[in-house]
Amino acid sequence: MSRTKQKSSKGADNLLKELSKFTSIPEEGTSYATHGIHPYSAKFIPQLPAKIIEECVNERHVVLDPFSGSGTTLLESRLRSIDSIGFDTNPIAALVSRVKVTVLSKKDWKDFDNIVLQIKLKFKEKDYSKSWIPEIPQIEHWFEPKIIKDLVLIAGEIKNIKNQKVKELFEIILSSIIVVTSNQDSETRFAAIKKNLNFDAVEKKFFKKLISISNSVKDLSNNPKVINSKSDVFFADTRKLSTYISKNSVDLVITSPPYLNSYEYYLYHKFRMYWLSFDKNIVLHDKSRDNEIGGRHEYAGKNGKPVEKFRNEIFQCFKEVSIVTKPGKLIFIIVGDSQVHGKFIDMAEFYTDICKEIGMDFIAKTSYDLKSITRSFKSQLGVANRKNINKQQHILIFQNRSNVKIPLAKHE
Ligand SMILES: C[S@@+](CC[C@H](N)C(=O)[O-])C[C@H]1O[C@@H](n2cnc3c(N)ncnc32)[C@H](O)[C@@H]1O
């Protein structure tokens, strides 16, 4: 692989042409390695960061995803022995990212197997003695009693696991079945519906996931490319990036910032946080919800906040990105258009404006119809169709200026 590769604008245009081929890959083609271990809304199609990484960096470099979500960029970096850093304000995102790139030793797998046996025994003996129940408000509205009983059995065992890596692996397995065994309609719809689940739904789904997830993690643990690099995952707000990582330390940024007025990551994952007994400050006092930028709960409806709030927050994030990224290095932003208070927002213009103000140079962009995207943006597509609006997805490339001057400004 060549040394640091900067793109001429022709080189960037060719890369963008290549990247736009990766916009409609069927789900089966996107869940290789550990990509498929846990659901997450608006995930990257992994071939996208993979291609960018292959074109732009090598083993001596560091890749940053300041909105890392389920850790797609981190895993693609690790698969190429490249160090990476991820930031996300959602605790489930941080957990998924950590497990996606985890490497377990022989001793860890022994601990894992022992716990599998213990949980199997609990199910066999119907031993509900460790009857810890999470304090979910209106729990029986959201979970059927037969489901609660079995989730309690598994969660009770997981709470006591001492080996942290193994504990997180079990947490991911349990977390991956929470929405499908609850009455929550779907990953992106927070309303209770009747699902007519079988009495053994939890047991069946848990052990099925246990096999598929542990097999994926085992394969990754045996991959020599992965062992030779590391990923640091921060459960933290990107507006504070430079308090966690050094200035001028990042060689490449690949990210998909939160979509404006489209998702509510805190809400979608709320029950998972309860069942995994996350810190009460996070779950009950909505800390992670407060820090989530662009969520529907803030912008939807007549009394929604103005777009200017979102702009200020995104400005702060990218100002930090500029500080931690080496001068002259590339920043890839993948983002879709939005609509707020009936007004269409062209996100290519929005981000170009912000990045220029921060002091980055625009290099190139490509845009394509959201209708061509199969899975990640389905809920957005629904909105687009209803309103007859032609929303687009954009891939934007910026270069961090050699002489970075950050305007102080109103945005502080
Ligand atoms: C579109 S998703 C990224 C998905 C990711 N590319 C993947 O493949 O999974 C945007 C992410 O931004 C995160 N986010 C929102 N506000 C944030 C903030 N202030 N700091 C860090 N992350 C934030 C959300 O929790 C969400 O995971």
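**Close-up views of a predicted model**

**Figure 1. Ser 81 in its loop.** With 15 C-beta neighbours inside 10 Å, Ser 81 counts as partly exposed. The view comes from a predicted model. Ser 81 is part of the loop that lies between helix H3 (72-78) and strand S2 (83-88). Most residues other than glycine have a negative phi. Ser 81, although not a glycine, has a positive phi of about 60°.

**Figure 2. Gln 138 in the loop between H5 and helix H6 (139-142).** The backbone at Gln 138 has a positive phi, here about 55°, and Gln 138 is not a glycine either. Is Gln 138 buried or exposed? Gln 138 counts as exposed, because it has 8 C-beta neighbours inside 10 Å and the limit for an exposed residue is 12 or fewer.

**Figure 3. The packing of helix H5 (residues 106-125) against helix H7 (residues 145-159).** Two packed helices are described by the angle between their axes and the distance between the axes. For H5 and H7 the angle is about 150°, and the axes are 10 Å apart. Angles over 145 degrees count as roughly antiparallel, and H5 and H7 are therefore roughly antiparallel to each other. The crossing in which H5 passes H7 is right-handed. On the H5 side, the residues that meet H7 are Ile 115, Gln 118, Ile 119, Lys 122 and Phe 123. Their partners in H7 are Leu 153, Ile 154 and Glu 157. By type, the residues of this contact of H5 with H7 divide into five nonpolar, one polar and two charged. An α-helix has 3.6 residues a turn, so residues three or four places apart point the same way.

**Figure 4. The packing of H7 against helix H9 (residues 201-221).** The axes of H7 and H9 are 8 Å apart and form an angle of about 40°. That angle makes H7 oblique to H9. The residues of the contact of H7 with H9 comprise six nonpolar, no polar and two charged.

**Figure 5. Asn 163 in the loop between H7 and H8.** Asn 163 has 18 other C-beta atoms within 10 Å and is therefore partly exposed. Leaving aside residues up to four places away in sequence, Asn 163 touches Asp 108 and Asp 111. Another residue shown with Asn 163 is Phe 112: the two are 51 residues apart in sequence, and their C-alpha atoms are 9.0 Å apart in space.

**Figure 6. Helix H8 (residues 164-181) within the protein.** The 18 residues of H8 reach 25 Å from the first C-alpha to the last, close to the 26 Å expected at 1.5 Å a residue. Of these 18 residues, 13 are buried, so H8 is largely enclosed by the rest of the structure. For context, the protein has 412 residues, of which 45% count as buried. There are 19 helices and 11 strands in the protein. Among contacts between residues at least 6 apart in sequence, 78% join residues at least 24 apart.

Key: Residues numbered from 1 in each chain as written. Predicted model: local features only at pLDDT ≥ 70, side-chain atom pairs only at ≥ 80, totals over all residues. Axes fitted to C-alpha atoms, helices over the stretch in contact; angles between N-to-C directions. Helix = DSSP H or I, 4+ residues; strand = E, 2+ residues; numbered from the N terminus. Parallel < 35°, antiparallel > 145°, perpendicular 65-115°, else oblique. Left-handed = near helix turned anticlockwise from the far one by under 90°. Contact = placed C-beta atoms within 7 Å. Nonpolar A, V, L, I, M, F, W, Y, C, P; charged D, E, K, R; others polar. Expected span 1.5 Å × (residues − 1). Buried ≥ 20, exposed ≤ 12 C-beta atoms within 10 Å, placed from the backbone.
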